[in-house]
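Let me put the structure up, and then we can walk through it together.

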Amino acid sequence: MLKIALPKGRIAEQTLQTFASIFKEDFSFSDRKLRLIKGDFEFLMVRNQDIDTYVIEGAADLGVVGLDVLLEHNSDVLRLLDLKFGHCKVCIGIKKGTNLDFNKPELKVATSLPNITRAYFNARAVPVKIITLYGSIELAPLVGLADCIVDIVETGSTMKQNGLEPAQVIMQSSAFLIANKLSFVSKKDEILNIYHKLANK
Ligand code: PRP
């Protein structure tokens, strides 16, 4: 039995559809259920930010998670495969029609990705004050909480609808298949079987 942690939302749906097409079985969660046991798999539905915790702790053998989360958490897992879906970008967002003033004594940046943000500005020797938020990041520049934001952009519509625009792309992200290091040894054949099926689908 392989335990696989999936992030609630579109990436979970896409992963379950992919498994359905590979194994010719229906992998659908019933309403509000967080666990699905079917055939040789147990799927766990968890928050995107928590996927690597389940995998690191061995509560899941495998996980599907965005590269942005893996880099932000510097997760101690095996990164097996870029699944080539769940594409998004981590961008600096500013108020439309303005410019980022890198000469400010300290730039205030609101983000839910403080480590990626700090690394980006440190590498450019730009002094920043990082304000960590857990959602609705786009609001911060509109109410004077920050000069700019660093956030995920998928379609760009959240920034646009809030009068912001991407000023700079920091990184591209997509969903990755990850594995617990011990599981990769103890369940190597099962994991490699999945890996090859996903890589060659
Ligand atoms: C993410 C991100 C943006 C939005 C971008 O938020 O933080 O707000 O998606 O998507 P778009 O470019 O397609 O508009 P999410 O919906 O995951 O909710 P959150 O605020 O809880 O992070």
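So, how much area do domain 1 and domain 2 bury between them? About 790 Å², with 49% of it on carbon and sulfur atoms. By buried area I mean the accessible area, with a 1.4 Å probe, that two parts lose on being put together, summed over both.

Quick housekeeping before I go on. This is a predicted model, where local features need pLDDT of at least 70 and side-chain atom pairs count only at pLDDT 80 or more, while totals for chains, interfaces and linings use all residues. Residues are numbered from 1 along each chain as its sequence is written, and side-chain values use heavy atoms, leaving out hydrogens and water.

Back to the domains. Domain 1 takes in 2-87 + 174-200, and domain 2 is 88-172; those bounds come from an automatic or database domain assignment. Their C-alpha centres sit 29 Å apart. As for who touches whom, domain 1 puts 7 residues into the contact and domain 2 puts in 10, where contact means heavy atoms within 4.5 Å. On the domain 1 side, Asp 68, Glu 72 and His 87 lose the most area to domain 2, together 65% of what that side buries.

Now the chain overall. Along the principal axes, the C-alpha atoms fill a box of roughly 55 × 30 × 30 Å. Out of 201 residues, 45% count as buried. Here buried is under 20% relative accessible area, exposed is over 50%, and partly exposed is in between, again with a 1.4 Å probe and protein chains only. If you take the contacts with a separation of 6 or more, 68% of them come from residues 24 or more positions apart. The accessible surface is about 10,900 Å², and 48% of that belongs to carbon and sulfur atoms. That's from the Shrake-Rupley method with a 1.4 Å probe, and for residues only the protein chains shown count as cover.

On to the charged pairs. The structure holds 5 salt bridges, and I'll show you some of them. Let's begin with Glu 154 and Arg 10, whose closest N and O atoms are 2.8 Å apart. Glu 154 is in the loop between β9 and α5 (157-161), while Arg 10 is in helix α1 (residues 10-23), 144 residues apart. Glu 154 is partly exposed at 47% relative accessible area, and Arg 10 is exposed at 58%.

Next up, Arg 35 and Glu 42, with 2.5 Å between the closest N and O atoms.

Asp 61 is buried at 6%, and Lys 187 is partly exposed at 22%.

A word on backbone angles. Most residues other than glycine have a negative phi. Asn 74, though, has a positive phi near 50°. You'll see Asn 74 in the loop between α3 (67-73) and β5 (78-82), exposed at 69%. Ala 125 also isn't a glycine, and its phi is positive, about 55°. Ala 125 lies in the loop between α4 (114-123) and β8, exposed at 67%.

Last stop, the surface. Which residues make the nonpolar patch of about 340 Å²? Leu 139, Leu 142, Val 143 and Leu 145. Patch residues have over 30% relative accessible area and no salt bridge; like charges are joined within 9 Å, and nonpolar side chains (Val, Leu, Ile, Met, Phe, Trp, Tyr) within 5 Å. Leu 145 is in the loop between β8 (128-132) and β9 (148-153), and at 34% Leu 145 counts as partly exposed.

That's my tour, thanks everyone.

Methods:
A salt bridge is a side-chain nitrogen of Lys or Arg within 4 Å of a carboxyl oxygen of Asp or Glu. Helices (H or I, at least four residues) and strands (E, at least two) are DSSP runs, numbered from the N terminus.
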